[in-house]
Amino acid sequence: MILTFGRCELDTQTYVLRVGGEPVEVEPRVLDLVLFFCRNPERLLTKQEILETVWAGAAVSDSVLSRCVTLARRAIGDDGRNQKLIQTVHGRGYRFVAQLTAREDRTTAPGIAETPFVGREALLEGLFEDLDQVSSGRGLLRVVTGEPGIGKTRLTQELSRRAGAQGFETLYARTYEGAGAPAFWLWTQILRACRDQLPPEAHGLARDSLPPALGRLDPTRRSGGESPETADADPQSSRFEMFEAVAQLLERVSASHPLLVVLEDLNWADAGSIRLLAFLAQRLRARRILLLGTYRNVELRGDHPLVEGVAEFSREPGYRELRLERLGHSEIEALVTQLPDHSTSLELASTLFNLSSGNPFFLTQLLQQVTLDGRVSDLSQGVIGTVRGRMSQLPDDCVEALAVASVVGRDFEVPVLARALEIEATQVLTRMDAAAGAGFVTPSGAARYRFSHALVAQCLYEDLPRTRQVELHGRIGRILEERMGETSEGLARVANHFYENAAGGDAAAALVFCERAARDSLERSAFEESARQYARALEMVEVAEPANEARRCELLIAKADAELCAGEQERSRETLERAAAIAKRLARWDLAARAADGALGPVWTINADERYRGLLEDALEMLPESELGLRSRFLSDLLLLPPYALSEESRLGMSSEALELAEKDGDPIVLGNALRARYWALLGTTRVAELLELGDRLLSLANARTTRSWSRTNLDPDFSGHLIRYSTFLTLADPQGLAHEAEQLQLAIVRLKQPMYDWYGLFVRIGQAMCEGRWEDVAQHQKELLRYRQFVTTERMYHSQCLLTALQSGPYEESLRIHGPYVAEDRVIRDAAAALTGVFMHAEGKLEEARGLYNQTSYNDLPSGEDWLMFATLGVEIAELDPREAGLMRERLLPFERYAASMQTLHYCFGSVAGALGQLEHILEMDTAELHFEAALEMDSRINARPALVRDLFYYARFQRDAGRSAKARSLLTAAQKLADEVRMPRRQREIAAFKKRL
């Protein structure tokens, strides 16, 4: 981009300032200042803002700024008296008032960009068509992949040119190649590009601060404080809010201009950045946004986050991967014929093809060699050999500077390199001029350079002896520590350099900075990066403090928390087990308690597993009697796990003790957790009055003031209280109570503004739609549910819902084929799937298979709990095969004859228990069957449970037929058939039709 003002031109690519067409020598920082003014025309720039941006991370005085402003004015032909270009606003700052125009730079940079564009025409034409689709409102994700040097960047450059001509805004970001970049660095660059490139009305962001959600991406612009609600949000919710904020920002920008977002080198991106890209790909389908990423496919291991990311991208209809292959002989021939002085040299084309093997980067190196000496050397060693051969032609001090720069990273700052080399910055600039002339580096800022290709930096780094690498990492780490302090970018880079220096240097410093970087990443919702830094800290503690087991235990617990937030529950569990073993060996109850407290984790991660039991039991045994709150918490957690969860007596006893301890402790957080545990303990019992009381008690906690988060360990008490009351009214089949609580839940969801509560709200809406037989609404809500894959139980709930829906609306066999593999390892869902499949087999007349599945599930042996009423009502249809089983089931169901059978976790009502009792008593030839059927029809109608009403009408018709009342049976059957047609229940329609023929 060429920025023109007065008699000046500033090239933002090469960072050259020209006045009257002649280049002007300017100090790097002064040129930085001029560029900052150009990017913020007509706006008051405070001294503080200028210092924080232009001198980011450095401590400088106002006098330094005044001096640079004077030099900037002198360079661009302004002065302090006339102030035609830069005005001083006394006591405030400065304003750039020059008339400014901008145009694209049509010249080309050194390297492959100087060569004609060949061999990619078809791919580029397809991308041009994508721009047209995006312009019309269809968001797309495209990923360009191929080996290093294959031309991915050149392709994106060509696309960016066309996009600009079509009115697109282009936001560009490139990952920092190698370790040391802060998490979400790609998206930090995109956020900054939005603010720097676009007018304020396009993005709607304040210049001096960012809202909390976006502030995690760019901490240098974070707002002064977060609201209590945001500060208390659980980590997953915080990350979701950040993702949502990025999506909304891009949507806002794309409303005025179609948007091209280019993300280079995804193979270096952190896992959080990849997940954010996947989130956006899902969110922006109907927006005028083209997301374009590039990555090197040859560098991906199986555990690379991009492997999982690509798998997730591929689910989106707007995704396509473009693979770049090497250039063929004819394409290189076409390229050579377009070069000056080589238009007829077919021999040159053959030589280039044989030596380059069609790799464009290698080809570029060969072409530059041709330009230098008029011939093509034998460069059969490959790309690295070519780079080394050309580099040998540079002065030794230039090669030395490049070698040290390769340790800094692909992007490097002149002041850092000068200090590392112990020379003046002007000497560095002289050496970089030579390197830039040879095409090895390009300016990327007034005092910054970038290696033209990662292979150049790799070659230089690998040529350094290992001892020299280690020594330089330590030196550069200390320089960056002084310059960048505790910023997120600084912590990540310093931690990486000290880590690489640890083998021959200061492991204690590496430990300190890796831990700081881990904590910073966790605060910024970069959970995967936090876990990686904690893993490095654990390596360093082995070197720096090998005897400090307590320190190792603390780091393990912190790492497990980060892993849990990242959704790595199995890995987190294993880490906590290691920490708990150390705590037990040290007899440290406090560490054991922290390990156990993280076992079940926040409410959104609960996925009960027997392996947690040992951690909780050991911690309970070690806890002092005075630790009332922790004892209550651990008892509340334990009752969710086998064998305690399988015994109603154990659940009730443990929850009672936990509640008593919580009341003595007096902490509202602990009490809220104990009240919810008591709720889970009471499910499957007839104590509905106590359940409603629990909901009321939680609502009374809603006004309690606490500085700690509700959502980290327990649901918000207001939301939780209404949710408990809702599920209880579902059991009571109370339509007025359900309507009131559903309204209150929605109000709480709007107030809380956290994805966890939206997630719970979806289950309520899905349950309502399933209960009423609104299958299209069910399917739509289930798709929305998959947006919340960050919650560990989402997949489990989704697949079980699909099976339940398919049993009612079909096709069940197809659904079982798709969803069955996902439920095989989960006992609760496995039993549910067996029950559903048994019912299906029974309806299809496959009685032996149905009976086998009934025996496998053992309905009458299931413990009373949250789901056993569901299993029982499902099993009724098969129980008729065995009168003895039917009698046992009737005895267990009889206490619930006035209630509805519901699945509490899904908030789904299966209709009345009375209907199941009517079926069983029909099998047992009991006189009370008719009373139960009549009660069932009344309850089903009361709560509009239409699928349940179809079922009970059908079985009541069968009872009436067997009782000799054919007219009544026909009337019931007609009503059942009409409703089954309305609700679209093919299995019931077939059953009704078959029975009607026999009637």
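## Overview

Helices here are DSSP runs of H or I at least four residues in length, strands are runs of E of at least two, and both are numbered from the N terminus. By that numbering, P643 falls in the loop between α29 and α30. The model is predicted.

The protein chain contains 48 helices and 18 strands. It has 999 residues, of which 57% count as buried. If contacts in the chain are limited to residues at least 6 apart in sequence, 67% of them join residues at least 24 apart.

Helix α29 covers residues 628-638 and helix α30 covers residues 648-665; their axes are 8 Å apart, and the two pack at an angle of about 155°. Since angles over 145 degrees count as roughly antiparallel, α29 is roughly antiparallel to α30. The crossing of α29 past α30 is left-handed. On the α29 side, the contact uses L628, G629, R631, S632, L635, S636 and L638. On the α30 side, M654, E657, A658, L661, A662, K664 and D665 take part. By class, this contact of α29 with α30 consists of seven nonpolar, three polar and four charged residues.

Nine of the eleven residues of α29 are buried, so the helix is largely enclosed by the rest of the structure. The buried residues of α29 are G629, R631, S632, R633, F634, L635, S636, D637 and L638. In the loop between α29 and α30 lies P643. The peptide bond joining P642 and P643 is cis, with omega at about 0°.

## Helices α25 and α26

Helix α25 (residues 549-565) and helix α26 (residues 569-586) have axes that come within 8 Å and cross at roughly 160°. This angle makes α25 roughly antiparallel to α26. The crossing of these two helices is left-handed.

From α25, the residues in contact are E549, A550, R552, C553, L556, I557, K559, A560, E563 and L564. They meet Q569, R571, S572, T575, L576, R578, A579, I582, A583, R585 and L586 of α26. Divided by class, the contact of α25 with α26 has eleven nonpolar residues, three polar ones and seven charged ones.

## Helices α1 and α2

Helix α1 spans residues 28-39 and helix α2 spans residues 47-54; the axes come within 11 Å and cross at roughly 120°. The two helices are therefore oblique to each other. Their crossing is right-handed. R29, D32, L33, F36 and F37 of α1 are in contact with E49, I50, T53 and V54 of α2. The residues of this contact comprise five nonpolar, one polar and three charged.

An α-helix has 3.6 residues a turn, so residues three or four places apart point the same way. Among the α1 residues in the contact with α2 are R29, L33 and F37.

## D130, a buried charged residue

D130 is part of helix α4, which runs over residues 121-135. The residue counts as buried because its relative accessibility is 2%, and the cut-off for buried is under 20%.

The D130 side chain makes a polar contact of 2.8 Å with the side chain of R142. Another polar contact, at 3.4 Å, links the side chain of D130 with that of R320. Leaving aside residues up to four places away in sequence, D130 touches L140, R142 and R320.

G439 sits in the loop between α19 (425-437) and β15 (441-445). Its relative accessibility is 9%, so G439 counts as buried. G439 and R390 are 49 residues apart along the chain, and their C-alpha atoms are separated by 10.0 Å.

E422 belongs to the loop between α18 (414-421) and α19. Its phi is near 60°, which is a positive value in a residue other than glycine. E422 is exposed, with a relative accessible area of 67%. E925 is in the loop between α44 (913-923) and α45 (929-942). Phi of E925 is positive too, near 55°, and this residue is likewise other than glycine. At 71% relative accessibility, E925 is classed as exposed.

Notes
Residues numbered from 1 in each chain as written. Predicted model: local features only at pLDDT ≥ 70, side-chain atom pairs only at ≥ 80, totals over all residues. Heavy atoms only, no water. Axes fitted to C-alpha atoms, helices over the stretch in contact; angles between N-to-C directions. Parallel < 35°, antiparallel > 145°, perpendicular 65-115°, else oblique. Left-handed = near helix turned anticlockwise from the far one by under 90°. Contact = heavy atoms within 4.5 Å. Nonpolar A, V, L, I, M, F, W, Y, C, P; charged D, E, K, R; others polar. Buried < 20%, exposed > 50% of the residue type's maximum accessible area, 1.4 Å probe, protein only. Polar contact = N/O pair within 3.5 Å; in protein donor to acceptor, adjacent residues only side chain to side chain.
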